[in-house]
Amino acid sequence: MPNALLRPLGELVSIGAVALGSTPLAIGRSDKNRLVIPFSTISFRHALIYFEKGSFYVVDEKSTNRTFINGSAIEPKKPARLRNGDHIAFDRFGFLLMMDFPAIAAEHTEEKNGKVLRPIMCAAHPAWKSDGRCQVCGLAVCRFCMSSTGEREICALCARIRPNNQE
């Protein structure tokens, strides 16, 4: 099973990344879910992410405001296969799926007692050092993955997901 994180974007950044594993991840507004998104537009049991036969899948649990992968709504109760770098949204609340990135480990071991242990690498190009972080999602990216919106530097993924630089 690949190491995988579901990294919140936008207004949910404060809840932190959620590790995915062999235990299914229930997502919804209810406290009974492992990932709680406490907003009225999220269904009590909105969606489920699980690992099966070498891949992660997401299933919309007939939510009121739908589940989206890279901007496209998925059919309720029909599993949709997830891929590394997918943007998954439950209603308007977005997450980035990150699998097997050395940058994930680098982010958590960057410093110890004030000393840099190793450089942070680009999330999309693990062999390249990052040149900064996206100001929207916080990913460490190289200069080739950065896109300028005029006011700020964002990663290519955020630029693709947010046409016309919307947040």
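Tutor: The protein averages a pLDDT of 79, and 75% of the residues score at least 70. Here pLDDT is the predictor's confidence in each residue, from 0 to 100. This is a predicted model: local features need pLDDT of at least 70, side-chain atom pairs count only at pLDDT 80 or more, and totals for chains, interfaces and linings use all residues. Residues are numbered from 1 along each chain as its sequence is written, and side-chain values use heavy atoms, with hydrogens and water left out.

Two stretches call for care. Residues 101-111 stay under 50 in pLDDT, and the model gives them 26 contacts beyond four places in sequence. A contact means heavy atoms within 4.5 Å. Residues 162-167 are also below 50; this stretch has six contacts beyond near neighbours in sequence.

The protein has two helices and 17 strands. Both are DSSP runs, numbered from the N terminus: helices are H or I with at least four residues, strands are E with at least two. Six strands form an open sheet in the order 2-1-11-10-7-8, with antiparallel pairing. Two strands pair if DSSP finds at least two bridges between them. Strand 2 and strand 8 (72-73) are the edges, each pairing on one side only. Strand 1 and strand 11 run antiparallel, joined by five bridges. P8 stands opposite F95 in strand 11.

Next, the core. Of the 167 residues, 45% count as buried. Buried means under 20% relative accessible area, exposed over 50%, and partly exposed in between (1.4 Å probe, protein chains only). A nonpolar core is a set of buried Ala, Val, Leu, Ile, Met, Phe, Trp, Tyr and Cys residues joined through side-chain atoms within 4.5 Å. The largest one has 24 residues. L6, I37, I49, V58 and F90 have the most contacts inside it. Several strands each supply at least two of its residues, including strand 1 (4-8), strand 5 (47-52), strand 6 (55-60) and strand 10 (87-90). Strand 11 gives the largest share, four residues.

Look at V58. Leaving out residues up to four places away in sequence, V58 touches A47, L48, I49, T67, I69, I74, K78, P79, A80, L82 and F90. Among these partners, I49 and F90 are also on the list of residues with the most contacts inside the core.

A second, separate core has 14 residues, including L9, L96, M98 and C137.
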